[in-house]
Amino acid sequence: MDETRGYDVAIAGASIAGCTAAILFGRAGLRVALAEKHRSASTAKALCGHSILGGTGPTLRRLGLWDRMVEAGAAVGTPAVRGAAGWMVATGNDLPPTISLRRSRLDPLLRATAAATPGVDLLLGTAVTGLLADGPRVTGLRVRAADAAERVLTARLVVGADGHRSTVARLARATEDVAPNGRFLYWAYYRGVVPRGPGHAQIWQLDEDVVVSTPTDDGLTLLGAFPTKDHLPAFRPDLAGGLEAFLRRLPDGPDLSGPGGSPR
Ligand SMILES: Cc1cc2nc3c(=O)[nH]c(=O)nc-3n(C[C@H](O)[C@H](O)[C@H](O)COP(=O)(O)OP(=O)(O)OC[C@H]3O[C@@H](n4cnc5c(N)ncnc54)[C@H](O)[C@@H]3O)c2cc1C
């Protein structure tokens with residue numbers, strides 16, 4: 001049965017973009033439908049390095065999330081980049097601090113904040129399956145709820161925040177911008193990592209090699225390498241060994257020799 005509910009804004013996807021939009025629209029006094037295909041509010045994106053650059057600080061503070069992220073254990077600090085010419089570290093207000101909280105903690109926090117915002121209906125287990133249109137104008141979302149019921153969410157504004165391979169973008173026939181990818185990524189969480197270079201979150205950009213070291217919550221550090229694909233055969237038999245060999249070649253690479261200096 002088709003059940004129709006009317007909103008000011010209908011948003012597809014309750015993750016970083018969708019929850020942020022829902023919180024801000026809700027605070028502006030609008031009625032918001034926030035449709036998320038996963039049934040659990042604690043679902044989190046697994047494939048994300050979760051180091052959030054400082055430019056987002058004002059928005060996180062405006063959302064009231066910065067302090068809650070810090071309470072949840074987020075690591076905050078100065079970023080440093082190691083290029084061919086040496087380390088570059090921002091001074092003063094040149095580059096605000098980065099903040100890092102694993103998505104398994106961040107995503108539930110965002111959803112709880114969105115769900116507690118007056119005017120926002122967080123509709124879990126609700127997958128967007130179609131768009132409603134009046135001529136060229138999108139007027140709502142067609143959704144399938146967890147009980148398999150088809151529903152229609154009409155709205156003055158529809159937001160597609162359903163991420164990579166967005167259903168909304170496909171249905172709206174949005175043009176894609178695709179770039180070829182010559183790299184793979186391997187990362188692992190380590191404990192007891194001692195940085196050798198300056199800064200807190202570190203990035204090495206050396207010729208073809210890109211490596212990141214991101215301290216995060218619970219005393220963990222994400223160490224990740226983005227090698228070019230020709231390194232794949234050397235990595236495959238021993239992924240952690242491949243990563244550590246990469247780390248050992250870095251100038252001022254992190255010290256993993258302390259207690260707990262092994263993959264989590
Ligand atoms: C390997 C990797 C590492 C990254 N590292 C970083 C990093 O260190 N720092 C950083 O800032 N960013 C990083 N990113 C980017 C970051 O993950 C994304 O920018 C961010 O998650 C995008 O948020 P979003 O809300 O737009 O989409 P997503 O987080 O992808 O969320 C989309 C939401 O829509 C829901 N959804 C999808 N389809 C439907 C549907 N049909 N109906 C209803 N709901 C639906 C999904 O379940 C999900 O909840 C990384 C990305 C990758 C791939």
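Trainee: Which residues does Asp 121 touch, leaving aside residues up to four places away in sequence?

Mentor: The model is a predicted one. In it, Asp 121 touches Val 32, Ala 33 and Leu 34, with residues up to four places away in sequence not counted. Asp 121 itself has its place in strand β8, residues 120-123.

Trainee: How many residues lie between Asp 121 and Leu 34 in sequence, and what is their C-alpha to C-alpha distance?

Mentor: In sequence they are 87 residues apart, while in space 5.9 Å separates Leu 34 from Asp 121, C-alpha to C-alpha.

Trainee: Is Asp 121 counted as exposed, partly exposed or buried?

Mentor: Asp 121 counts as partly exposed because it has 18 C-beta neighbours inside 10 Å. A buried residue would need 20 or more.

Trainee: Let us turn to the nonpolar cores. Which residues have the most contacts inside the largest one?

Mentor: The largest nonpolar core has 38 residues, and those with the most contacts inside it are Ala 10, Ile 11, Ala 22, Ala 33, Leu 34 and Ala 35. The elements that give two or more residues to this core are β1 (3-12), α1, β2 (32-35), α3 (65-71), α4 (103-115), β8, β10 (137-144) and β11 (150-160). Another core lies apart from it, with 12 residues, including Tyr 190, Trp 204, Phe 246 and Leu 247.

Trainee: What does Ala 10 touch, not counting residues up to four places away in sequence?

Mentor: On that count, Ala 10 touches Ala 33, Ala 35, Gly 140, Leu 141, Leu 153, Ala 155 and Val 158.

Trainee: How should I read a sheet?

Mentor: In general, the strands of a sheet pair through backbone hydrogen bonds, either parallel or antiparallel. Here 3 strands form an open sheet in the order β3-β7-β4, with antiparallel pairing. Its edge strands, β3 and β4 (75-77), each pair on one side only. Between β3 and strand β7 (residues 98-100), the antiparallel pairing runs over 2 bridges. Ile 52 has Ile 99 in β7 as its bridge partner.

Trainee: Which residues come nearest to the ligand?

Mentor: There are 26 residues around the ligand, of which Gly 13, Ser 15, Ala 17, Gly 49 and Gly 163 come nearest. Two or more residues of this shell come from each of α1 (16-27), β3 (51-52) and β9 (127-134). The most is given by α1, with 3 residues. By kind, the shell divides into 12 nonpolar, 10 polar and 4 charged residues.

Trainee: What should I note about phi angles?

Mentor: Most residues other than glycine have a negative phi, and most peptide bonds are trans. Ala 148 is not a glycine, yet its phi is positive, at about 75°. Ala 148 lies in the loop between β10 and β11. Asp 218, also a residue other than glycine, has a positive phi near 65°. The loop between β14 (209-215) and β15 (220-225) holds Asp 218.

Trainee: Why is Ala 148 classed as exposed, and why is Asp 218 classed as partly exposed?

Mentor: Ala 148 is exposed because 6 other C-beta atoms lie within 10 Å. Asp 218 counts as partly exposed because it has 13 C-beta neighbours inside 10 Å. The cut-off for an exposed residue is 12 or fewer.

Trainee: Finally, how is the chain divided into domains?

Mentor: Domain 1 takes in 3-50 + 104-171, and domain 2 takes in 77-97 + 181-248. Their centres, taken over C-alpha atoms, are separated by 34 Å.

Notes. Residues numbered from 1 in each chain as written. Predicted model: local features only at pLDDT ≥ 70, side-chain atom pairs only at ≥ 80, totals over all residues. Near = placed C-beta within 6 Å. Helix = DSSP H or I, 4+ residues; strand = E, 2+ residues; numbered from the N terminus. Nonpolar A, V, L, I, M, F, W, Y, C, P; charged D, E, K, R; others polar. Domains from an automatic or database assignment. Pairing = 2+ DSSP bridges. Contact = placed C-beta atoms within 7 Å. Core = buried A, V, L, I, M, F, W, Y, C linked by C-beta atoms within 7 Å.
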